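Subject: Structure for you to look at

Hello,

Here is the structure I promised to pass on. Please open it beside this email and follow along.

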Amino acid sequence: MTYDFFAPEVVGDPHSLLRRLRTENPVYWSPQLHGWVLTRYADVLAATREARLAAPPTTGWLDRLPEEVKQQFQPARASLRLWAGLCGEQEHLDFQAALKKFFTPSTLERLRPGVQRLTDELIDAAWEGGGLEVVEGLARPLTARVIGELLGLPTETREPLSRWAADLRCFFQSADLEELHRGQRSLLELQECVRPVIAARRHEPREDLISALASRTEGFFAQEPEAVVANCALLLFAGHETTSHLISSGLRLLLSHPEQLALLRDKPELMPSAIEEMLRYEGASDAMARYSTAPLELGGHQFDAGQLFVLVYKAANHDPEVFAQPERFDITRQPNRHLAFGMGSYYCLGAALARLEAQVCLRTLLRRAPRLRPASEPPEWTPLPPLGRRLRSLPVTF
Ligand code: HEM
């Protein structure tokens, strides 16, 4: 039995393929992905907790290029090799230590008024027009400005952040040479933007993410100054498009389930639970790779060291063994132990921030626009093969 992760119909409906895999072949060797694809919740969860599985030292799609073409991407490869989660256990621990100190509940509460102000400004700008295109008019600019603020980038340099983040995607999805060159150009522009800020924060740290990394006096970030530059790109990549997708696809889910939207309007206290269901239902991180550092057993199979695994969080979140009627969008679902933020040693460091941004943004939109409606159907998706998709646009009227 073969399963085509790149078939055009998989973009519109990834779950039909994932459902088939989960029932027919839950531990499936994919020649397309060069790895073992795990789709059952129990197996994906076990994999996240398995100490013998680590994130592979990869430069994504660039690894697959012929040797002579790879040379053209030397700057991008050198930088991606320094992404903390991908380069080694000690580097990963140093990164987590630096960021955990930053992502405390008090930092997040400090950010809340800024997120509220930015949300209000973006809605104000669209108010007179009577409507808004949510992806480009709210979700993307809001989450880009928040991550720019968090990194500590000067306001006037933040405008291209959203474009840079979109271009960085190409390294981790199937992409052509032109896209890869664009990705590399954006990465280099981003590096030029953060370098002077890093230099300034080394002398005078502030309460921002760049300072958290640049002011380390020992370990990975002290010994390898380029790692600070590289991991600013990682943070932009990890924190912007994911949260933007949560906001826009979450709102689309509400608009296409009017009874759930009405329930949420009636009981606004359900917002946190509604956001968990949006994360479970549509997610934003579809799958992650791991490789085995030693022999192990997984999903009833034995594996040698050096095997690649693809943990499909998106499939685990729709496993009927764990989620009753998984295709039902239910904002009251309890319990809802989804894996949208991963689990184990790579668990998302920005989970609480993403939740905060989505809560503030969706709450404000629903409060200010009591008759919010979609302006067009059906939604258009940008395919991110394999298995990913992003809403291209979501026009709404107030
Ligand atoms: C809805 C929004 C988000 C989703 C769905 C999401 C999802 C994820 C997932 C699934 C992982 C684990 C990757 C793995 O298993 O290998 C992860 C890791 C990570 N995320 Fe998020 N994320 C979101 C928002 C954010 C935000 C706002 C930030 C803040 C900058 C962030 C920063 C990170 C970082 C730094 C890691 C790496 C953690 C580590 O390796 O220790 N994420 N995220």
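Below is what I found, taken region by region.

One caution before the details: this is a predicted model.

Two packed helices are described by the angle between their axes and the distance between the axes. For H15 and H19 the angle is about 40° and the axes are 10 Å apart. H15 passes H19 in a right-handed crossing. On the H15 side, the contact uses Thr242, Thr243, Leu246, Ile247, Gly250 and Leu251. On the H19 side, it uses Ala354, Glu357, Ala358, Cys361 and Leu362. Seven residues of this contact are nonpolar, three are polar and one is charged.

Now go to H8 (residues 105-127) and H9 (residues 134-151). Their axes come within 10 Å and cross at roughly 150°. This crossing is right-handed too: H8 passes H9 that way, as H15 passes H19. H8 brings Gly114, Val115, Leu118, Thr119, Leu122 and Ala126 to the contact. H9 answers with Gly137, Leu138, Pro141, Leu142, Arg145, Val146 and Glu149. Eight of the contact residues are nonpolar, three are polar and two are charged.

**The sheet of three strands**

H9 lies across S4 and S12, at about 75° to S4. Strands of a sheet pair through backbone hydrogen bonds, either parallel or antiparallel. This open sheet has three strands in the order S4-S12-S9, with antiparallel pairing. Which strands form its edges? They are S4 (131-133) and S9 (373-374), and each pairs on one side only. S9 and S12 (residues 395-397) are joined by two bridges. Arg373 has Thr397 in S12 as its bridge partner.

**The sheet of five strands**

The other open sheet has five strands, in the order S1-S2-S8-S5-S3. Its pairing is mixed. S1 (27-30) and S3 (53-54) stand at the edges with a single partner strand each, so one side of each has no neighbour in the sheet.

You can see both kinds of pairing here. S1 and S2 run antiparallel, joined by four bridges. In this pair, Trp29 stands opposite Trp36 in S2. S2 (residues 35-38) and S8 (residues 308-311) pair in the parallel sense, over three bridges. Leu38 stands opposite Leu311 in S8.

H3 (residues 41-49) lies across S1, S2, S3, S5 (288-292) and S8, and runs at about 120° to S8.

**Two hairpins**

S1 and S2 form a hairpin with four residues between them.

S10 (residues 380-384) and S11 (residues 388-393) pair antiparallel over five bridges. Thr382 stands opposite Arg390 in S11. These strands also form a hairpin, with three residues between them. Leu387 in the turn has a positive phi of about 75°.

**Two cis peptide bonds**

Stay in that turn for a moment. A cis peptide bond joins Pro385 and Pro386, with omega about 0°. Pro386 lies in the loop between S10 and S11.

Where is the other one, from Gln334 to Pro335? Pro335 is found in the loop between H18 (313-316) and H19. The bond from Gln334 to Pro335 is cis, with omega near -10°.

Best wishes

Methods: Residues are numbered from 1 along each chain as its sequence is written. This is a predicted model: local features need pLDDT of at least 70, side-chain atom pairs count only at pLDDT 80 or more; totals for chains, interfaces and linings use all residues. Axes are lines fitted to C-alpha atoms, for helices over the stretch in contact, and angles run from 0 to 180 degrees between N-to-C directions. A crossing is left-handed if the near helix is turned anticlockwise from the far one by less than a right angle, and right-handed if clockwise. Two residues are in contact if their C-beta atoms, placed from the backbone, lie within 7 Å. Ala, Val, Leu, Ile, Met, Phe, Trp, Tyr, Cys and Pro count as nonpolar, Asp, Glu, Lys and Arg as charged, and the others, Gly among them, as polar. Two strands pair if DSSP finds at least two bridges between them.
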